[in-house]
Amino acid sequence: MPLSPEHWRLLEQAEHAPLTQLFADEPDRLDRLSLTAAGVRFDFSKTHLGRSLHDRAGDLAAAAGLAEAQERLFGGEIVNPTEGRAAEHPAERGSGSPEAVELAGARHSRMRALIDAIEAGAFGDVTGVLHIGIGGSALGPALLVDALGRHERRYKVEVLSNIDGQAFDAAVANLDPATTLVAIASKTFTTSETLRNARSALQWLGEADVEDPYGQLVAITAAPEQAVAFGIDETRVLPFADSVGGRYSLWSTIGFPAALALGFGAFEELLEGAAEMDRHFRLAPPDANAPFIAALADLLYTQGLRAGTRGVFAYDERLRLLPPYLQQLVMESNGKSVTADGQPLGRASSAILWGGTGTDAQHAVFQLLHQGTHLVPVEFVAIAEADDDQEPAHHRELLLNAFAQGAALMTGRSSDDPARNYPGDRPSTTILLQRLDPRSLGALLAFYEHRTFAEAVLLGINPFDQFGVELGKSIARAIDDLDQRASFDPSTRALIEEAGL
Ligand code: F6P
């Protein structure tokens, strides 16, 4: 339910004492604003969440109807009203209607059976997978394999998303067509980029004299009949539920390449970590609920302090794909200008999310964070334990850099020379995982899902549709039609002509 003007005022007009002042005034600040959930430590103490706003977290949650919304989400009720659907990604990790949980389990078992068959040699010698998909059908699997499969990857995995032929060439460069399975992942099985790449993959197999190119295809989809119509044998179609949104789908059979490459046990641990975060989000009171506090801070910055963006910096190479993954999750979910019942939102939607990897980003974009005129709430994601083969000094310096940046952004340093003055009072949140493993990554990703959901509940928007991407798709089709081209604007027509299309 929409927040009342009085509740919005709490966020918009919350007092903003400088961060260092907040620490001085609130001796319990660190204890109050740092917590551990599902084994992940969250430190919100360097945000401008003051005691008065934090104390009202429960009121704001109640006013927005958070508990009811959570019940609807976890109970498999309709939470995506524009498409008349539930959002059943939690059912993939055990929370949902009994039917949805059972079905998700059955589909995981089907995926496991396929993996067992591959391992048992039913597909001959398999050395790799070319996973073709885009958006949510690619970003999650790519992140999982890159984050968790650096040491032990049982199969080579390449994720191909872009329609650009350069991307295709790069993806197949190190794959052997004779021993590669091609997984075509598309919820709708109508996405033009994915189908174009799938056809090119068939051609790639055919040109290498693979005897039965279609025999090497696997489909992952919520539209199995389309996959069968494409020519993929029903036994190699891994379905998932229509009620699982693309950007929420890595828990479903969309996670196939990760489950194959990392082992099904690792995939199960990922789900368990997410389930633990689900429990935290459902049971922790709002003022000690990591996703809810994060969402509250997000709104404090977008609504109260007019921040248009927020930055996420992974201080770990293994999480370098986290920012692009979160961009889809957050911006496709909460980049809306109407409420769930179609009224104008009348306020800022979710911030633009951007980011990078530390320490690289320190030498590229952090200048603006420290001295620019834009307010950018920053998030540092770091892993306490190293998992590389180098001297411990590497990881130690990496972590020290992450923590030093948070401290420097907050305290700044004054100088009489304006060019050398650091104003400070710039907020950051730090998320620290003890180690990066399937369980902790599952918890981290579920945290981000629930934070996005909590923000949507507070804003009163539907985070589960994405009509904003449809116009571009239909225009791309129309522009390819010579009869329709004449109706395009002169700039677009001139560009098409110049490119010789
Ligand atoms: O264009 C946006 C989108 O619909 C995303 O929401 C989705 O993750 C992606 O395209 C891919 O869609 P599909 O899995 O149906 O191919």
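How far does a polar side-chain atom of Ser137 lie from an oxygen atom of the ligand? I read 2.7 Å for this pair, a polar contact in the sense of two N or O atoms within 3.5 Å. I note that the model is predicted, that local features need pLDDT of at least 70 and side-chain atom pairs pLDDT 80 or more, while totals for chains, interfaces and linings use all residues. Residues are numbered from 1 along each chain as its sequence is written, and side-chain values use heavy atoms, without hydrogens and water.

I then looked up Ser186, where a polar side-chain atom lies 2.6 Å from a ligand oxygen, and Glu332, whose side chain has an N or O atom 2.6 Å from an oxygen atom of the ligand. Taken alone the ligand exposes 400 Å², of which the protein buries 88% (Shrake-Rupley method, 1.4 Å probe).

For the shell I found 14 residues around the ligand, with Thr188 and Thr191 among the closest (a heavy atom within 4 Å). By class I list 2 nonpolar, 9 polar and 3 charged residues, where Asp, Glu, Lys and Arg count as charged, Ala, Val, Leu, Ile, Met, Phe, Trp, Tyr, Cys and Pro as nonpolar, and the others, Gly among them, as polar.

For the domains I noted domain 1 (9-83 + 270-459), domain 2 (89-262) and domain 3 (470-498), with bounds from an automatic or database assignment. The centres of domain 2 and domain 3, taken over C-alpha atoms, are 32 Å apart.

Terms used:
Polar contact = N/O pair within 3.5 Å; in protein donor to acceptor, adjacent residues only side chain to side chain.
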